[in-house]
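Hi,

Here is the model we talked about. Have a look at it first, and then read on for my notes.

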Amino acid sequence: MALRVKFLRNHRSLVYRACPCHLAETGDCILCSQLGGKNFCDCSNWNGVCIYQEYASNNYKAKESRKYYYCKVVEKNKFEDNIIIFTLEASDKLVSELVQAGSYVFVRRPDTDTRFDTPISIMDTDTRNNTITIAIELKGTKTKALDVLKQGEELLVKAPFWNGILGLKNINTIKNSKCIIVARGIGQAPMIPPLKHLHANNNEVTVVLDNSPYKNSFVNEYLEKYASKVIMVNTIVRGRITDEFNNILKNLISNNDFSLVHCDAADVLNYELMKAVEEIDKNIKYSCCNNAKMCCGEGICGCCTRKNNDRKLRRLCKMQTEPKYVLEGRRIF
Amino acid sequence: MKVIVIGGGWSGCSAAITAKKAGATVVLYEKTDMLLGLGNVGGIMRNNGRYTASEEMIALGAGDLIHLTDENSRHKNIDFPGHKHAWLYDVNKIEPAVEKYLKAMDIEINMITRVVDVEKEDNRIKGIYLSDGKYVEADVFIETTGSTGPMGNCLKYGNGCSMCILRCPAFGPRVSISYRAGIEDLKGERQEDVYGAISGSCKLAKDSLSDDVVKQLDATGVVVLKVPEEDVNLEKLKLKVCQQYALKEFAENIILLDTGHAKLMTSYYPLEKLRKIKGLEYAKYIDPYAGGKGNSIRYLSVAPRTDSMKVVGLDNLFCAGEKAGLFVGHTEAIITGALAGHNAIRNYLGMPLLMLPRSLAVGDIIAYANEKIHSKEGRTNRYTFAGAEYFNRMQELGLYTLDIDKIKGKVEKLNLTDIFSEKLI
């Protein structure tokens, strides 16, 4: 099963909507060999459209990149002093483009410059009232600058982006099965779209929740609606999965036929959980949130690039792949 | 012992048959919903030197597919400019016949299943990855993915996707398995430093042609129509894959052959111009659908190989058909496929690999095409029993004969009678 690692470069179709991008113009496309500096097709990342053809049809130019939209703050809530939850008004088109699990946006205050763009996962979309909901943990300059905004004011949103989950294919293909979602802290926000999606596809979802560093959860109403079972546990201590969590995991998996485990947490937990699940049952599919630091989201700034031990460059804002290909073989200095 | 054949065109089917006959468990993967690939729009057998090659294959014990095309022929022994004693199989009947034949032999066929990558251990391929992420292992692999397309190549080296029978936009692109396994592909050239060549014929819907043309096609198999002088384009012959059909007559005339559809012996032809020709006023393309604009591009993906069809640099990958050289035609695909399939089992058993002797046309073309691809001028030529350089060579060397008994005797003398029917495991 270790063999699976090789197949991790299976990029998904949603990336294609923005293809070809600027990377094609410089021969740096991560999907198409013709646009990636070679002069023949080596199309092992095919997703239904020939990007090179699209590029030629567009007069050998990249498609327009993402636009900024002004979105009104319809509602602002604060949670335990350190999380703000915005509900934003957006166009019908934009909301529909952000429905998929893994969608995210860049937001900033209109009176700040592009350096303030901060990537935030979509927590929920409402296609009836055309709103999107995002939860922001106040961490540094960029996020704190957003806290100034009040209800009725506008936020600048660059969107849509879709690569917020690694192993997205696993979530998108699973039906009529049992799944586990593990979420910790602010990870409860990006957990909602996959939870809703899995629920909609007739999957029974067990949610393992770790509220720390917060006392309570801000997603209770979603859990009531979409989770079949919620287990509260302290998941990780000093970079190691707790025995308690490991036992819960073993119990769950040995007594049920789970097909997928999804994790929304820091990479250390994403990685540790991936290894733990693999050890219990290699056939269980795995996905997790994409935690790469991002500035532009379009493969240009280079902020999200990573090289692991295999020395291959990964542009994580665009590359859709299995978690293993990103989390395993990380370099530590 | 398990053999995986990647690609269900003529050479893949042929390889599957000989591998099965030699005693292997054979699993074939085909990306589209039909076997035979470009064979679904081909049809020409036994013309010129292909007659000799077909009879040699029968004598060698790999006549299965030749018998099938013979049985499904619409016309036998017809002549058209530059070509004698051609047999034309019915492209609307042949595919189900081949599928039925393979299934009856207990060959596992996986349709709409595209192979996209390999897993390697040293110089061995351990397994293949399918486009849906599944991983499958085997002992020996045979790559018969051809060299046509996908869209990016047709765009870069041709006039773009013309919606040919391979239907890449629908079923996904061909992936070079040998390249995925780390072996660089060789490329054919149509002129110096111009890579690839354009497929050489189209199909017109017979119902769209005039009654006279249809009547003549049904009766004789061939119709020759004059091209208006202002539209004769000799330059276009350079582009063609099929050098055996790159003759002046083919530029000055429209040559139609009856293969179930009307096979138009030119790589592409603007519809507006085509309709100026008497009898073709209502003509409509059915392969490629955009035959007025272009045709598929080929020869960008040839694996380096030995004369036993083993890919150089890998211990357990064999190749055949266009993947194995600058070959043109079904017969050529069937021969190389048969040898690859048979040798896959010899390779597994550690036996010496079979090399067909050069005193047979089938052995000589395999060796000759291999010699030639390593030279610059050799890469601008195509290798087929049906014409061009190689048919001349056949005649010069005395390899061309229509005498079936003589061919049988020759194979017998070489002690190779029915060698491909031999069960090795």
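This is a predicted model: local features need pLDDT of at least 70, side-chain atom pairs count only at pLDDT 80 or more; totals for chains, interfaces and linings use all residues.

Residues are numbered from 1 along each chain as its sequence is written, and chains are lettered from A and ligands numbered from 1 in the order in which they are written.

Chain A

The secondary structure here comes to ten helices and 17 strands in chain A; helices (H or I, at least four residues) and strands (E, at least two) are DSSP runs, numbered from the N terminus. The C-alpha trace of chain A spans about 55 × 55 × 45 Å along its principal axes. Chain A has a radius of gyration of 20 Å, which agrees with the value near 20 Å for a compact globule of 333 residues. (That radius is taken over C-alpha atoms, and the globule rule is 2.2 Å times the number of residues to the power 0.38.) Of the 333 residues in chain A, 44% count as buried. Buried means that 20 or more other C-beta atoms lie within 10 Å of the residue's own, exposed means 12 or fewer, and partly exposed is in between, with C-beta atoms placed from the backbone.

Contacts next: two residues are in contact if their C-beta atoms, placed from the backbone, lie within 7 Å. Among contacts in chain A between residues at least 6 apart in sequence, 69% join residues at least 24 apart.

Strand 3 (residues 104-108) and strand 4 of chain A run antiparallel and are joined by four bridges. They belong to an open, antiparallel sheet of seven strands in chain A, with the order 4-3-7-1-2-6-5. Strands pair if DSSP finds at least two bridges between them. At the edges sit strand 4 (118-121) and strand 5 (124-126) of chain A, each pairing on one side only. On average, neighbouring strands of this sheet are turned by 35 degrees against each other, direction ignored. (Axes are lines fitted to C-alpha atoms, for helices over the stretch in contact, and angles run from 0 to 180 degrees between N-to-C directions.)

Where the chains meet

In the interface, 18 residues of chain A are in contact with 21 residues of chain B. The chain A side has ten nonpolar, five polar and three charged residues. For the classes, Ala, Val, Leu, Ile, Met, Phe, Trp, Tyr, Cys and Pro count as nonpolar, Asp, Glu, Lys and Arg as charged, and the others, Gly among them, as polar.

Chain B

Chain B is assigned domain 1 (2-196 + 297-421) and domain 2 (197-287). Their C-alpha centres lie 26 Å apart. Between them, 33 residues of domain 1 of chain B are in contact with 25 residues of domain 2 of chain B. Strand 4 of chain B gives the most to the domain 1 side, with four residues. By class, that side has 16 nonpolar, twelve polar and five charged residues.

Strand 1 (residues 2-6) of chain B is largely enclosed by the rest of the structure, because four of its five residues are buried. Strand 1 pairs with strand 2 (residues 25-29) of chain B in the parallel sense over five bridges, and Val3(B) has Val26(B) as its bridge partner there.

Lys263(B) lies in strand 17 (residues 262-264) of chain B and counts as buried, with 24 C-beta neighbours inside 10 Å. Beyond four places in sequence, Lys263(B) touches Gly43(B), Ser201(B), Lys203(B), Leu256(B) and Leu257(B). Ala333(B) is in helix 11 (residues 330-349) of chain B and is also buried, with 31 C-beta neighbours inside 10 Å. Leaving aside neighbours within four places in sequence, the contacts of Ala333(B) include Gly9(B), Trp10(B) and Phe327(B).

Cheers

Key:
Domain bounds come from an automatic or database domain assignment.
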